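Colleague: I am new to this model and would like to know what stands behind the terms used for it. Please show it, and then I will ask.

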Amino acid sequence: MASIVAVIASTHHPFYYRASTATGADRPPFADEWTRKILAFRETLTRANPDVLVMVGSDHFHQLWLDNMPQFLVGKAPMYDANWYNEEREFGLPRMTLKGQEDLSTHILRAGLDDGFDLAFSNELRIDHSITCPIITLRPEADLPIVPIYTNIFAPPLPQPKRFVQLGESIRKIIEQWPSHLRVAVIGTGHLSLELGGPRQFGPHGPDPAFDERAVGWIANGDLDGCLREVTLDSLHSPGNATHGFMDFMLMMGVAGAGVKADYVDTLDLFHTMEAYFTWYPDGGPA
Amino acid sequence: MSKYLLNKFLFTVDRDPELVERYRHEPAELVGWWEANVANALLNSHTGEASTWQAFTDGERAALVGHDHVALFELGAHPFLTLTLFIALFERDNTEPLEYQKAYGAALAHLTLPYPDIAT
């Protein structure tokens with residue numbers, strides 16, 4: 001059976017690539033600290049020595065659209081082209097090509113359907129920055145095959161928060177049942193408090209630092225009960241109008257397991273958001 | 001009111017460099033052309049399968065022609081779609097970092113929770 005060698009959750013700030021590669025007067029004052037934190041975070045994946053990456057992210061109305069909107073979608077393709085014109089335009093993100101792991105995609109789709117999740121699938125999925133940003137930060141070689149899993153955190157009606165947790169728990173079980181010797185890392189990206197296109201956007205900090213502090217505590221401690229007591233689809237509007245992406249963090253808490261503390265936690269307060277980085281080692285950590 | 005059609009406009013223009021430039025420089029021309037040629041187009045089909053019933057209200061059309069992101073927010077257009085397109089249109093005019101993005105938020109300061117419903 002396959003082994004899950006790391007579970008990783010982080011934000012997916014699209015300006016990291018531009019900030020970390022900028023030089024001279026173009027380099028923002030926070031770039032060096034941000035880079036140091038990312039290099040330490042990256043090491044937590046490198047040490048786990050994975051063969052395959054299962055990557056959970058949210059599509060930003062790129063390939064998924066309101067004429068036919070899935071809630072949860074699994075990519076099943078041999079290759080994935082990545083990043084879009086409007087992401088090059090706005091964030092300076094590079095075009096990328098990533099290999100797929102179709103056997104694991106097939107297994108996740110079959111077992112996920114059998115486990116009660118009516119997963120959509122795509123045989124030609126152009127992925128966007130919620131998945132390419134963690135490639136850039138955690139595996140810039142982009143040399144490992146991936147299985148992308150997209151969630152709808154954008155287009156109401158959304159699945160309930162508990163459904164994201166349940167899907168994470170199911171993904172964990174399904175991967176561990178995959179008849180393979182390969183080492184799998186599950187990487188997912190979400191948001192803490194975030195406002196986009198509203199009056200609280202681009203402030204000196206994230207729109208709700210108090211929510212961010214509680215949220216980091218829930219994730220770091222695997223406090224799913226505390227998190228589910230406070231978080232509802234309605235409540236997630238209060239910290240910022242894009243905070244529903246927090247449900248992807250909840251999905252990753254489901255993968256990591258209730259009550260399981262993260263082995264690695266770090267944060268970085270940027271000008272309009274709190275970056276957060278978490279790693280769990282299900283088998284006790286790399287030797 | 002058609003929040004879906006507003007979002008479809010923002011979505012299709014944002015992903016096409018030529019349309020972004022046309023919308024920046026000639027918004028009335030672009031909105032008129034788009035409503036006549038794209039509003040009813042099925043995005044994954046040829047023209048023979050187009051829809052027949054979609055149109056903007058006068059208020060929606062005026063908000064788009066006026067580059068009025070505040071009105072679009074109040075109409076329930078998806079705020080991410082509006083923001084990314086409008087950054088494409090106007091960030092280039094910044095004289096300091098995030099100048100447009102901050103002004104964009106400040107123009108919405110009169111709005112408090114709960115924000116307009118964005119469900120389509």
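Modeller: What follows is a set of questions on terms, each answered from the model.

Modeller: The model is predicted, so local features need pLDDT of at least 70 and side-chain atom pairs count only at pLDDT 80 or more, while totals for chains, interfaces and linings use all residues. Residues are numbered from 1 along each chain as its sequence is written, chains are lettered from A and ligands numbered from 1 in the order in which they are written, and side-chain values use heavy atoms, with hydrogens and water left out.

Colleague: What makes β6 and β9 of chain A edge strands?

Modeller: Strands (E, at least two residues) and helices (H or I, at least four) are DSSP runs, numbered from the N terminus. Two strands pair if DSSP finds at least two bridges between them. The open sheet has eight strands in the order β6-β3-β7-β2-β8-β1-β10-β9 (chain A), with mixed pairing. Strands β6 (120–122) and β9 (264–269) of chain A each pair on one side only, and these are the edge strands.

Colleague: How do you know that β9 and β10 of chain A pair?

Modeller: The rule asks for at least two bridges, and β9(A) and β10(A) (residues 274–280) have six, in the antiparallel sense. In one of the bridges, L268(A) has E275(A) as its partner.

Colleague: What makes helix α7 of chain A a helix that packs on the sheet?

Modeller: Contact means heavy atoms within 4.5 Å, and α7(A) (residues 209–221) touches β9 and β10 of chain A. The direction of α7(A) makes about 10° with that of β10(A). Angles run from 0 to 180 degrees between N-to-C directions, with axes fitted to C-alpha atoms, for helices over the stretch in contact. Helix α9(A) (residues 246–256) runs at about 155° to β1(A).

Colleague: How much area do chain B and chain A bury between them, and what does the value stand for?

Modeller: Buried area is the accessible area (1.4 Å probe) that two parts lose on being put together, summed over both. For chain B and chain A the value is about 2,500 Å², 66% of it on carbon and sulfur atoms. In chain B, R15(B), F80(B) and Y115(B) lose the most area to chain A, together 22% of what that side buries. By contact, 33 residues of chain B meet 25 residues of chain A.

Colleague: Why is the pair R89(A) and D14(B) called a salt bridge?

Modeller: A salt bridge needs a side-chain nitrogen of Lys or Arg within 4 Å of a carboxyl oxygen of Asp or Glu. The closest N and O atoms of R89(A) and D14(B) are 2.6 Å apart, so the pair meets the rule. The count between chain B and chain A is one salt bridge, and over all chains the count is 17.

Colleague: What about R172(A) and E176(A), and how far apart are they along their helix?

Modeller: Their side chains meet in a salt bridge at 2.8 Å, N to O. R172(A) and E176(A) are separated by about one helical turn because they are four residues apart in helix α6 (residues 161–176) of chain A.

Colleague: Which residues of chain B does P199(A) contact?

Modeller: Leaving aside neighbours within four places in sequence, P199(A) is in contact with F73(B), G105(B), L108(B), A109(B), L111(B) and Y115(B). P199(A) lies in the loop between β8 and α7 of chain A.
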